[in-house]
Amino acid sequence: MLQSLQLRQSVIALFLWFAHFMDGHKVQAGNCWLQQGKNGRCQVLYMSGMSREECCRGGRLGTAWTEEDVPNNTLFRWLIFNGGAPNCTPCKDCGAGKRCKMNKRDKPRCVCSPDCSNLTWKGPVCGSDGKTYRNECALLRARCKRHPDLTTQYQGKCRKTCHDVQCPGTSTCVVDQSNSAFCVTCNRLCPEASLPEQYLCGNDGIVYASACHLRRATCILGRSIGVAYEGKCIDARSCVDIPCRSGRKCLWDAQSGRGRCAACEEVCHEGNAGESVCASDNSTYPSECAVKQAACEKGLVLEVKHSGSCNSLSEELEEDEEDEEDEDQDYMDYSSVSPPVIG
């Protein structure tokens with residue numbers, strides 16, 4: 001009798017465990033939808049009684065799922081009187097910084113929508129592409145759309161000097177070879193050079209033990225020095241005395257009486273409006289690339305003095321006089337510059 005009672009209790013316990021197990025692992029059925037409206041509600045019913053896994057298996061962007069397993073009259077009331085079913089969950093996740101949005105043709109698409117709620121600085125910022133953005137949120141949208149490596153250099157408009165530039169953290173402001181201010185991290189310690197081929201001749205005529213030593217000097221100086229050529233500096237009378245490696249050409253700097261090797265294979269595309277620059281020969285060129293091309297053709301060093309025509313005011317003065325840009329602009333293209341070249 002006792003054994004029979006124990007057996008019955010064991011069967012009941014096993015049944016209760018099995019029921020609990022099945023309850024925890026049951027497939028939750030809901031409603032599968034083919035379209036999510038602009039109001040965020042599901043609007044075109046595909047099939048009822050489907051699990052989320054079954055509904056979203058196709059990976060179609062417009063497909064969505066609702067958890068509620070409700071009667072047909074409730075679905076009818078939602079569609080007719082409420083503009084669709086609530087708690088509509090899209091199957092496809094657009095990813096970080098993006099969200100699904102219905103376009104004018106009621107087609108779903110992923111659009112950039114970065115979370116800007118925690119941003120404290122509301123003013124313009126200078127991006128690592130040398131462009132001034134209306135605010136940091138506009139920069140995040142630009143990074144999401146087309147520039148995954150875009151970062152904020154410093155707060156405020158992009159500048160041509162390090163004056164009033166406050167770099168974040170331990171980074172230091174440096175003016176690059178296109179006369180634009182960038183924030184870089186300085187390496188204060190460099191290993192001792194042990195090989196002759198590590199020597200570099202700087203554009204300032206000074207021999208540097210390695211690329212690390214040249215970058216360190218650039219940070220301390222606060223402006224780009226640049227590499228004239230590999231090896232120790234030589235007492236050259238002209239470009240004939242300076243050997244450049246394959247793919248580079250010697251350009252002579254008449255002002256300093258020194259030569260430097262430069263790449264001359266860059267192909268220039270048609271410049272866009274606003275890209276013109278004034279070069280050190282007091283000539284206006286359609287773009288910075290055109291300045292480099294002219295320098296290679298002439299065999300002379302040409303540097304950008306400022307953006308815009310040589311007959312116009314410097315861009316820095318123009319920026320101070322301009323009104324605030326229209327709120328619809330994501331960035332203010334005060335300059336068209338290349339990434340920093342500091343050595």
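Helix H4 (residues 136-145) buries Cys137, Ala138, Leu139, Leu140 and Ala142, where buried means under 20% relative accessible area, against over 50% for exposed and partly exposed in between (1.4 Å probe, protein chains only). Helices here are DSSP runs of H or I with at least four residues, strands are E runs of at least two, and both are numbered from the N terminus. The model is predicted, with local features needing pLDDT of at least 70 and side-chain atom pairs counting only at pLDDT 80 or more, while totals for chains, interfaces and linings use all residues. Residues are numbered from 1 along each chain as its sequence is written, and side-chain values use heavy atoms, with hydrogens and water left out.

The cover over the buried residues of H4 includes strand E7 (125-127), strand E8 (132-133) and strand E9 (152-155), with contact taken as heavy atoms within 4.5 Å. At the start of H4, Asn135 points a side-chain oxygen to within 3.2 Å of the backbone nitrogen of Cys137.

Helix H5 (residues 211-221) has its own set of buried residues: Cys212, His213, Leu214, Thr218 and Cys219. These pack against E10, E11, strand E12 (200-202), strand E13 (207-208) and strand E14 (227-230). After H5 comes Gly222, with a positive phi near 90°.

Ser180 counts as buried because its relative accessibility is 4%. Its side chain makes a polar contact with the side chain of Lys160 at 3.4 Å; such a contact is a pair of N or O atoms within 3.5 Å, where within protein one must be able to donate a hydrogen and the other to accept it, and residues adjacent in sequence count only if both atoms are side-chain atoms. Arg159 sits 21 residues from Ser180 along the chain, yet their C-alpha atoms are separated by 6.1 Å.

E17 and E18 are joined by two bridges in the antiparallel sense, and Val277 stands opposite Tyr285 in E18. Leaving aside residues up to four places away in sequence, Val277 touches several others, including Tyr285, Val291, Val304 and His306.

Another open antiparallel sheet has four strands, in the order E2-E1-E3-E4. Strand E2 (42-51) and strand E4 (89-90) form its edges, each with pairing on one side only. Strands E1 (residues 29-36) and E3 (residues 64-66) run antiparallel and share three bridges, with Cys32 opposite Trp65 in E3.

Overall, the chain has seven helices and 20 strands, and 36% of its 343 residues count as buried.

Methods. Pairing = 2+ DSSP bridges.
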